[in-house]
Amino acid sequence: MYQRIVGITGARQSANEDAPTARGGGINFRIMCALLKCGLALLVLTWAIPAPAQKRRVRKEPPRLPVHVTLPHDSTARFFRLRIISTNDFHGALDPVAEAGGTPRGGADAMAATIARASADCGPPNCGTLLVDAGDLFQGSAASNLAFGAPVVALYNRLGYAATAIGNHEFDWGIDTLRARMREARFGILAANVRNRNGRPPSWARDDTILDRGTLRIGIIGVIGPETYHSIMPARVRGLRFDDPAPIIDSLARLLRARGVDAVIVLAHSGAFCDDGGATACHGEAIELAHRLTEPVNAIISGHTHTRVDTRVDRVPIVQALSSGRAVAVLDLAIAPTAARDSVLSQAVLDANTTGDPPAAADSIVRAADARVAGLERRPVARLAAPLVRAGSQYPLGNMIADAQRWAGKADVAAVNNGGIRQDLPAGQVTWGALFAVQPFGNSLRRLTVPGRALRHYLATVVPTHGAPRSHVSGVTLTFDRGRGRAHLASVRLANGAELRDDARYTIVLNDFMATGSEGRILTEAATADETLASDDLEVLVAYLSSRPQPVAAPNDTRIRISQP
Ligand SMILES: [Zn+2]
């Protein structure tokens, strides 16, 4: 028998550490919305965050378990087995998320149970675990979002995470909120390639961290993929840039090795796509990054694309484990103190499940976070005639959201970005919580009055030169011609059947993420009126669905046609 320790220098995973289950009452939605809108985040944070005593314990070791640790001694072992257990894109999924078929998967309990199982047979002196995450901890559920991610940091502290990369959604509530979460975290949220406009790192950004495992020192570097920059609301990253991570990793890896680390692990909020099993035909930002590194690194933990990646590039293992706690990657490396690059003993991306274990590690945090929003989450809003699944680039759920926004703004046209539609909906009763998961960002809606010419110019960007439509529209039918490969907007027909006139004026509703993006500028710069609607995107969707005849049937008409020559 021996004592398992998860995260040797980090926080222990132990059911004994469970704080008494806090049971907050249901929160008042109106007050919460008012707080969210006024940006009085601090009031909410004070209410939601753990006691400040935890803040200063970053480096302090929690009291050790009994020292009488007996281990099966392997006298033949010439290397140290480093077990890297990794997750990514948790997205506030304290509770399991419903997949398209309605089956709930992932969530904190399944993730915690799978992490515990993965670390069960790894302990000193020959094996040590390192629990890490490749970013996007936040954004996605009411239980997490209404407390601005604080329950996720509490969960990661409890599970003993050693470090995470910063993800694009870590910026969603602004830098001040991110810094508040960083202060609570007993792990580094690493952002080595985030720079101020002048090229200097922001005061809050940390490049790397060194952790001890057995007799070895492990260096961890965290970066964010530059491609993700454009998926963040411009106002949230004003004054910041995401530099090319490859030379930054190279130079930090050199410095870490000079400081005596035995292994370098890269956490990259940078995506990849592979064939089904995650091993073959891999491409994407994380794969390109691996090819471009010149300094040896021992592993790359990828994130952002919510995919299964379980591959190697130039002998360097690269893993990504879906999202929302639905999978956990486990990588065993043989680390020999003298070797620059060491061998991979095993590599797997495991589907996460609780296997019926009592979910001790995560339980009290999840229940407390859920209790605060339970009344609101379970509130029935409407009934749906059929499940609404995000399949392809045009689907009834997207049409319905665009219709809701056009209805709310009494506008001629509405457009909603596909990237902002985050979950499917099951048939039957739909709760406020389910709609929250579809539109979790709390985006405000803008109603712009624009000349027809500018509207046409903007709508032409809905279908990129190559590729599928990026948005859903309401109030118009767009016909694109794809002669010679390029998409060209041939016609814009309005709801009344008339063709759009360049010299007439029209109103369009779109969210502030779209309005402040580069294409949105086509509209905002030409607008003769620019109003913000009183309700945000979620409130509009809730109001729209509850006002429709029940059950609601989502519109399945084709609004964006692409004719091939
Ligand atoms: Zn991301």
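Predicted model: local features only at pLDDT ≥ 70, side-chain atom pairs only at ≥ 80, totals over all residues.
## Strand order and pairing

The sheet is open and has six strands in the order E8-E9-E11-E12-E14-E13, with mixed pairing. Strand E8 (208-213) and strand E13 (308-313) form its edges, each pairing on one side only. From one strand to the next, the twist averages 20°.

Within this arrangement, strand E12 (residues 299-302) pairs with strand E14 (residues 316-321) in the parallel sense, over two bridges. Ile300 has Ile318 of E14 as its bridge partner.

## Nonpolar core

The largest nonpolar core comprises 158 residues, of which Val132, Ile265, Leu267 and Ile508 touch the most other members. At least three residues of this core come from each of domain 1 (20-54 + 85-371) and domain 2 (381-563). In soluble globular proteins, nonpolar side chains tend to be buried together.

Ile265 illustrates these contacts: beyond its neighbours within four places in sequence, Ile265 is in contact with Ile84, Val132, Ile218, Ile220, Asn298, Ala299 and Ile301.

## Helix H5

Helix H5 (residues 150-159) is largely enclosed by the rest of the structure, because ten of its ten residues are buried. The buried residues include Tyr156, Asn157 and Arg158, as well as Val152, Val153 and Leu155. Just after H5, Gly160 adopts a positive phi of about 85°.

Terms used:
Residues numbered from 1 in each chain as written. Buried ≥ 20, exposed ≤ 12 C-beta atoms within 10 Å, placed from the backbone. Helix = DSSP H or I, 4+ residues; strand = E, 2+ residues; numbered from the N terminus. Core = buried A, V, L, I, M, F, W, Y, C linked by C-beta atoms within 7 Å. Domains from an automatic or database assignment. Contact = placed C-beta atoms within 7 Å. Pairing = 2+ DSSP bridges. Axes fitted to C-alpha atoms, helices over the stretch in contact; angles between N-to-C directions.
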